[in-house]
Number of protein chains: 2
Amino acid sequence: MIQTPYLLFLGDAPDQLGAKVAQGIRDWRPDNVVGQFRMEDCKADVRVPDMDLAAAKKAGAKTLVIGVANRGGVISSSWKRVLIEALAQGFDIASGLHNLLRDEPDLVAVAHEYGRQLHDVRIPSVQYPIANGEKRSGKRCLAVGTDCSAGKMYTALAMDKEMKGRGLKSSFRATGQTGILITGDGVPLDAVIADFMAGAVEYLTPDNDDDHWDMIEGQGSLFHVSYSGVTMALVHGGQPDALILSHEPTRTHMRGLPGYGLPTLETLRDTALPLARVANPKAQVVGVSVNTAAMGEDEALSYLEGVEKRMGLPTCDPFRQGAAKLCNALEAI
Amino acid sequence: MIQTPYLLFLGDAPDQLGAKVAQGIRDWRPDNVVGQFRMEDCKADVRVPDMDLAAAKKAGAKTLVIGVANRGGVISSSWKRVLIEALAQGFDIASGLHNLLRDEPDLVAVAHEYGRQLHDVRIPSVQYPIANGEKRSGKRCLAVGTDCSAGKMYTALAMDKEMKGRGLKSSFRATGQTGILITGDGVPLDAVIADFMAGAVEYLTPDNDDDHWDMIEGQGSLFHVSYSGVTMALVHGGQPDALILSHEPTRTHMRGLPGYGLPTLETLRDTALPLARVANPKAQVVGVSVNTAAMGEDEALSYLEGVEKRMGLPTCDPFRQGAAKLCNALEAI
């Protein structure tokens, strides 16, 4: 539906995490990316060629994808100038922001004038049901994090890739805008009406073959006070058989909440598992996924080994090392 | 904004719990109610005079309030006939259903024709912020339940009444349609977009005098897989100083989920308290509120005594006995 390839718009991202949408697309669908567009004060870099609109157009880009997430999702006036120019030069625009492209009259007018498309992947396209909690066939895996942005989506994508590589049945189930932009399908869970969150997750992960795994993209954290309700809906609506604990070890406080420290992996385990067992009494914690992007190779390997010993669980960085260990754990269930 | 007094529409409520909206209004604002309108197969009764539309009109009713909750909130065709006739006879209609009155073209047309108002209290009237987790001044109390519909709203209303009776500062903070219909103000939390749930609760319970208590209306249950995400947002967005455990002892399974048993009060305590302490390290469980409506007086008193001993916490049925015990516990903090 969204035309490829993309030019990734990084805007004025204040840090690398701010551009995680662009990074995700670049990491999992690199063939769909021709380059990145960064404004003067952009602090992020997803390591594809920097291009202005004209160069990207020449390189074949069809859609400008807003690859930067803002708290609250405001489309600033400095962004607006770029977006309007992009439409005028013949780009479609795709966005997962809360603040919808279609709600900006100037963008709508210019898109109309030049016959371009505005894609808001944030908007739910389905009337989701209220969750009924009934046991579904097939198996499900969910990563839960000590914090937001700890590597849960990467974990699910890497495990899906590994399972498919082994010839096993697996589906990545996107629950956020990046996942949806990567796969073209999913539930924009943080934009769903509260009462229907768990039902949307049930809808996303329906009955399946007994040997099929849904790799559900996690959201938020049970310990992040801004978004914990969304995480709870995943834990109950997803009725996971397998939980993966996700962690980013260099974080000094919860993302966006300077007064809040991170829980330990033990606390995360002891909190998430009993909650998961409400919906699925057979739920198990099967492994730990650590985002070691901020660590050197030796430091990372030593850290992973330490966690594996401490927790007694298969531990790896699925992006750095692949998800073989975690998938072995799934196969052992 | 909504004109009183009301005629309470109970429709074809399948049981007494199905009419909890009407029951709540009748219990806490009896002066605003002239009677109830029940259809032939209605299994609920809120013990006010049964009236048809003409009789209610004659008794002075200005607004027909839909006092019955449906799973998913569908406005059936049999309801529709009554609502249209009510508009034609000069009633406004107020509703807290998900399925909005304003989305029903026939109702809108008839309301327009007769100059009547359609009130959808379900719709958030504010663009809520994302929760920032910052510590707020003043004190907050939240009831968390072993199940939905366990008496959390009644507990908050009764505690608010008791605190005010003692000359103390207290506000009931409505988070559901009944509470909003009762007080005319609040946040319809289950209709809020997922990402803004906790922020809506912060908005509802802002900084206040150090000796002021917000009595926050609870929603759902951490153990009810359909709605647990909403409950989680209350636990974190409300940053309660005091938790009340709410329980309905005759329930044999989670409401609407035949396969799910209820947790014990101990399990609820041990689950809710650590989660509450993420947002407010000083959170305490201060009492137990039991809905003994289905028990005789002796049975109720004996049950309450047993729970009080077992849990080591002040225990009462605030609707049957008043909330003095629970408010004593708040005053002791």
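Trainee: How much area is buried between chain A and chain B?

Mentor: Happy to start there. Buried area is the accessible area (1.4 Å probe) that two parts lose on being put together, summed over both. Between chain A and chain B that comes to about 2900 Å², with carbon and sulfur atoms giving 63%. Keep in mind that this is a predicted model, where local features need pLDDT of at least 70, side-chain atom pairs count only at pLDDT 80 or more, and totals for chains, interfaces and linings use all residues. Residues are numbered from 1 along each chain as its sequence is written, chains are lettered from A and ligands numbered from 1 in the order in which they are written, and side-chain values use heavy atoms, leaving out hydrogens and water.

Trainee: How many salt bridges does the rule find across the interface of chain A and chain B?

Mentor: A salt bridge is a side-chain nitrogen of Lys or Arg within 4 Å of a carboxyl oxygen of Asp or Glu. Across this interface the rule finds zero, although the count over all chains is 44. One of these joins A:K135 and A:D241, with the closest N and O atoms 3.8 Å apart. A:K135 is in the loop between β5 (118-120) and β6 (139-145) of chain A and A:D241 in the loop between α8 and β9 (242-247) of chain A, so the pair ties together parts 106 residues apart in sequence.

Trainee: What rotation superposes chain A on chain B?

Mentor: In general, two copies of a chain are related by a rotation about an axis and a shift along it. Copies are superposed by least squares on the C-alpha atoms of residues with pLDDT of at least 70 in both. Here the rotation is 180 degrees with 0.0 Å of shift along its axis (RMSD 0.0 Å). That is the relation of a two-fold axis. The same surface serves both copies, as 100% of the contact residues of chain A recur in chain B.

Terms used
Contact means heavy atoms within 4.5 Å. Helices (H or I, at least four residues) and strands (E, at least two) are DSSP runs, numbered from the N terminus.
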